[in-house]
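Me: I have a protein model open and would like to learn how to read it. Could we go through a few features together?

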Amino acid sequence: MTTDAPNTTQDSATWPAHDPATWRSIPASSTPVDRDRVAALLAAEWETFVERTPASAVHNVRASKSLPLGVTSSFQHWDPYPISIASARGAWLTDVDGRQLLDLSMGFGAMLVGHLNPVIVEKVTEALQTTGTLFVTPSPTATEVAERFQERFGLDRLRFTNSGTESTMYAVRTARAFTHRHGIVKIEGGYHGGYDALSVSVKPDIAEAGPEGFPSAVVPFEVEAGLVHVVPYNDIDRLEHILDAHADEIAAVVMEPVLENVGIVLPDAGYLAAVRAACDHHGVLLIFDEVKTGLTAGYAGASHRLGVTPDLVTLAKSIGGGLPLAAFGGREDVMQAVTDGRMPHFGTYNGNPLVMAAAAAVDEVCTEEALATAESINEGALRALDDVIARYELPAHTVGFGVKGAVTWSTTPVRNYRDYKRTDFGTAELSWLWGLNRGILTPPGLDEQWLVSLAHTPADMAALVTDFADLAEAIRA
Ligand SMILES: Cc1ncc(COP(=O)(O)O)c(C=O)c1O
């Protein structure tokens, strides 16, 4: 069974081709949406939202008295209040109003195995009942998972952490210790968690971000960023220019191989290989942040899928089966900085037996076959959505990578952050809210993508397609 989604682009000859292991399909023709109609539908949908979610409203009032915004991570919030979830199983959520929601957000992609996956539940229960939860000593439970991940992801050495933020922070520190340089290069619009150096130009205000081809580093006031250069994604010339001028002070280029916090932004064919070559030419390390891609990109992650090997990789979300697990690792000589203490790495909960039990179970259930099945369901949904887009001549297109997909409200490819900022956020918000009011939760924030987990069925994805067709009908009515 193949794990490579076909390159189905119908891009005009003027657009660079996207990487052949990724999905983009742009309709041959489209008609603009009526903005007044979209605005009217959106206003009506917000009224419906409030009518259908009274218990979530009450819960938000209560939660806001203890938690800022009433949430445990600001990403969970939206105005006027987010839906509160009481429980989850498989591909389904139950909210505090008792509604069943098809979960296509799946914990921002962390729930690749599905909620309460029986194998994860069994192994974690076994750990809880017979192994223990925390030793803070070496343990075969952690070594076994390290060996499995080493093999699966092709890493010489790795260390476990508890979050993507920790992993990206430690990867940057490792690169600094190895190269004796402090600077980093990151992609404009790229999100890598809360570490200061990586909080630069995450979603900068365009008014402050400088010219499109020469973005300036936008540093939030509360952040002590250090030396950070920012480049547009898919712009190898700009990266080479920065490396030519500053390589002697740059430790690493840090990037997601496929941007997954601004919808799904695909690498142009050859771009990642050119980044690799530029880094090699200048003795700069390449760090792929695979916190979001990881197993959702395929059995061995995005690096393997896209055929470009970084020096260090960060993993989180999908590898933990819903428990807090992350990792960083890569080349033996680079990770030697951890071994010899040039980059000290600590953490009380790192590799604890509870999370290791979940990770071993994830490794067991995320087989080539299981992931390929989920990916073919995703591909079927992308094709069906393409049909809807074509039928209603919507100014939108589909993008996908592995088991993830998104509808992007633009008639041209989104190749970087500035393109993303030019997409139609109003219609994207309507599409998200339309689904939510009809029992389909795609990720909040409009910047994420759906995930077809091991628990989703073709019928689940058909529900998404039908719902989208109903939305198209309403927009064109
Ligand atoms: C690409 C990427 N890197 C790092 C992080 C940070 O991970 P965490 O939320 O586990 O700290 C995220 C979180 O969404 C992410 O998407």
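Predicted model: local features only at pLDDT ≥ 70, side-chain atom pairs only at ≥ 80, totals over all residues.

Me: Let us begin with the inside: how many residues does the largest nonpolar core have, and which have the most contacts inside it?

Reply: The general idea is that, in soluble globular proteins, nonpolar side chains tend to be buried together. Here the largest nonpolar core has 117 residues, and those with the most contacts inside it are Phe-149, Phe-160, Val-253, Met-255 and Val-275. The element that gives the most to this core is helix H10, spanning residues 353–365, with ten residues.

Me: If I select Val-253, which residues does Val-253 touch?

Reply: Leaving aside residues up to four places away in sequence, Val-253 touches several residues, among them Val-185, Leu-239, Leu-243, Val-275 and Cys-279.

Me: Now for a strand: which way do the residues of E11 point?

Reply: In a regular strand the side chains alternate between the two faces of the sheet. In E11, Ala-326, Phe-328 and Gly-330 point one way, while Ala-327 and Gly-329 point the other way, and all are buried. Because five of the five residues of E11 (residues 326–330) are buried, this strand is largely enclosed by the rest of the structure.

Me: Which strands pair with E11?

Reply: Strand E5 (residues 157–161) is joined to E11 by five bridges, and the two run antiparallel; within this pairing, Leu-158 stands opposite Gly-329. Strand E10 (residues 312–315) also pairs with E11 in the antiparallel sense, over four bridges, and there Thr-314 has Phe-328 as its bridge partner.

Me: Finally, what should I look for in the backbone of Val-136?

Reply: Look at phi, which for Val-136 is near 50°, a positive value in a residue other than glycine. Val-136 lies in the loop between H3 and helix H4 (140–153), and Val-136 is exposed, with a relative accessible area of 61%. Phe-108, likewise not a glycine, has a positive phi of about 50°, and Phe-108 lies in the loop between strand E4 (100–103) and helix H3 (118–131).

Me: And what kind of peptide bond joins Asp-79 and Pro-80?

Reply: The bond between Asp-79 and Pro-80 is cis, with omega about 0°, and Pro-80 is found in the loop between helix H2 (54–63) and strand E2 (85–89).

Technical notes. Residues numbered from 1 in each chain as written. Heavy atoms only, no water. Core = buried A, V, L, I, M, F, W, Y, C linked by side-chain atoms within 4.5 Å. Buried < 20%, exposed > 50% of the residue type's maximum accessible area, 1.4 Å probe, protein only. Contact = heavy atoms within 4.5 Å. Pairing = 2+ DSSP bridges.
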